[in-house]
Amino acid sequence: MIHLSQAAASEIERLKSKQPNFLVRLAVKPGGCSGWYYDMSFDETLKSGDRTFECNGIQVIIDAESLDYVNGLTVDYSEDLMGGGFRFHNPQATATCGCGNSFSISQELVVSG
């Protein structure tokens with residue numbers, strides 16, 4: 001379903017060490033330059049409809065509404081002169097914004113659950 005690079009998993013582990021009892025939540029929300037954006041956060045509880053995936057030893061929670069938008073998604077982490085950040089590589093994206101966090105997707109690719 002989704003993949004975390006080793007660099008992304010290491011950065012998440014580093015962040016989780018400061019909040020060890022929290023779950024990693026990945027969601028897709030409307031907005032951004034291209035129509036949708038990725039939102040990664042820590043959450044204390046599972047919600048109805050959430051799915052849990054294990055990627056490189058990390059439990060990632062995805063809500064039911066976001067599932068169709070992240071199928072095949074790879075999350076990477078890299079640092080450059082502007083600082084570090086998570087990078088999202090979505091094979092379903094038909095366009096992406098220069099920031100790399102906003103994308104658009106063809107509605108034919110989205111399978112209603």
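**Starting from one leucine**

Let's begin at L15, which touches F42 and F86, leaving aside residues up to four places away in sequence. Keep in mind that this is a predicted model. F42 is 27 residues from L15 along the sequence, yet the two C-alpha atoms are 9.5 Å apart in space.

L15 belongs to helix 1, residues 6-16. Next, the sheet beside that helix. There are 3 strands in an open sheet, ordered 1-6-7, with mixed pairing. Strand 1 (3-4) and strand 7 (83-89) are the edge strands, each pairing on one side only. Helix 1 packs on this sheet and touches strand 1, strand 6 and strand 7, and its direction makes about 80° with that of strand 6.

How do strand 1 and strand 6 pair? They run in the parallel sense, over 2 bridges, with strand 6 covering residues 74-80. One partner to look for is V75 in strand 6, which bridges to L4.

The largest nonpolar core has 24 residues, and I2, L4, L26, V60, I62 and L73 have the most contacts inside it. Elements supplying at least two residues each include helix 1, strand 2 (23-30), strand 4 (51-55) and strand 9 (102-105). To finish, pick out I2: beyond four places in sequence, I2 touches L26, C55, V60, I62, V70 and L73.

Key
Residues are numbered from 1 along each chain as its sequence is written. This is a predicted model: local features need pLDDT of at least 70, side-chain atom pairs count only at pLDDT 80 or more; totals for chains, interfaces and linings use all residues. Side-chain values use heavy atoms; hydrogens and water are left out. Helices (H or I, at least four residues) and strands (E, at least two) are DSSP runs, numbered from the N terminus. Contact means heavy atoms within 4.5 Å. Two strands pair if DSSP finds at least two bridges between them. Axes are lines fitted to C-alpha atoms, for helices over the stretch in contact, and angles run from 0 to 180 degrees between N-to-C directions. A nonpolar core is a set of buried Ala, Val, Leu, Ile, Met, Phe, Trp, Tyr and Cys residues joined through side-chain atoms within 4.5 Å. Buried means under 20% relative accessible area, exposed over 50%, partly exposed in between (1.4 Å probe, protein chains only).
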